[in-house]
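Take a look at the sequence and the model below. We will go through confidence, then helix packing, then charge pairing.

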Amino acid sequence: MALINTYDGRLLLSETTVGAGAQVLLLAFLGTAIGLGPAGWLTGLAFGLATWAVLNRALLRTRTRTFGPANRVTLGRAILVGAVTALVADSFQSSPPVSLFVGLTAVALILDGVDGKVARRTNTSTALGARFDMEVDAFLILVLSVYVSMSMGPWVLLIGLMRYVFVAAAKVAPWLNNSLPHSMARKTVAAVQGVFLLVAASGLLPYAAGFGLVALALGSLLWSFGRDIAWLFRNREGRTTPTTATAPVPETVTLTVVAPAERRTAELVTS
């Protein structure tokens, strides 16, 4: 805890605190603009508090010296995801304005391609930044899955839950932690998940077309996971890697030291 007594430590915590404050302000704006209900408020505040606490703990444990511009972009996306989460929680009682929901989600998805580029151009890529980016992406996909499942059925939840199931399974079957070869197909499948879910959630397409689009997203995700799991199974003997390994570098995010199971899912949730 010595870092917290230094200037850099205080500066890092002040940045995350500003992010938490921005989350509250955005929720207050939603409350004023659309009358955000108790469920939305509680869920949004819980998300903001959890993000603040987990991020602070990670920063102190890794003894990060500077927060960095890329992490600021990711923190901004996290704030937008918190607002989207609040809208989805509130939608169980009343549907949010579609334009507002789509706008916030679209900006969060677009910024997904920004933080990685910022990290590379400023030479500030870190394992913590890559993990932070991955977790924000994964949670947004989960929240979108919950929202779409309310109109299309619980099967849509498989899209958002698949990454978490894979990570849990890797705890039981260590061979799932092995490194995977580079795959553009995997990246493509990852890129379309959020876009397809958002298009379906927007109601721009007829129900049948939206249903087909989400089914295509799920089918492609099942194929991608299935192909990778089969490859890992065939190459499992004597090749289990430690829980920290050097990961291949996707196009939109630079990974350095990330758990292999998490790296595989990072490619699935980042474009």
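Predicted model: local features only at pLDDT ≥ 70, side-chain atom pairs only at ≥ 80, totals over all residues.

How many contacts beyond four places in sequence does the model have for residues 1-7, where pLDDT stays under 50? The model has 12 such contacts for residues 1-7.

The protein chain as a whole averages a pLDDT of 84. Of its residues, 84% score at least 70. Among the elements, strand E1 (residues 245-246) has the lowest mean pLDDT, 35. Helix H9 (residues 207-234) has the highest, 95.

Now turn to helix packing. Two packed helices are described by the angle and the distance between their axes. Helix H6 (residues 127-152) packs with H9 at an angle of about 135°. Their axes are 12 Å apart. That angle makes H6 oblique to H9. The crossing of the two helices is left-handed. On the H6 side, the contact uses Val148, Ser151 and Met152. These meet Tyr207, Gly210, Phe211 and Val214 in H9. The residues of this contact divide into 5 nonpolar, 2 polar and no charged.

Charge pairing comes next. Side chains of opposite charge can pair when their charged atoms come close. The whole structure holds 8 salt bridges. One of them joins the side chains of Arg77 and Asp112, at 3.8 Å from N to O. Arg77 lies in helix H3 (residues 69-90), and Asp112 lies in the loop between helix H4 (98-111) and helix H5 (115-121), so the pair ties together parts that are 35 residues apart in sequence.

Key
Residues numbered from 1 in each chain as written. Heavy atoms only, no water. pLDDT = per-residue confidence, 0-100. Helix = DSSP H or I, 4+ residues; strand = E, 2+ residues; numbered from the N terminus. Contact = heavy atoms within 4.5 Å. Axes fitted to C-alpha atoms, helices over the stretch in contact; angles between N-to-C directions. Parallel < 35°, antiparallel > 145°, perpendicular 65-115°, else oblique. Left-handed = near helix turned anticlockwise from the far one by under 90°. Nonpolar A, V, L, I, M, F, W, Y, C, P; charged D, E, K, R; others polar. Salt bridge = Lys/Arg side-chain N within 4 Å of Asp/Glu carboxyl O.
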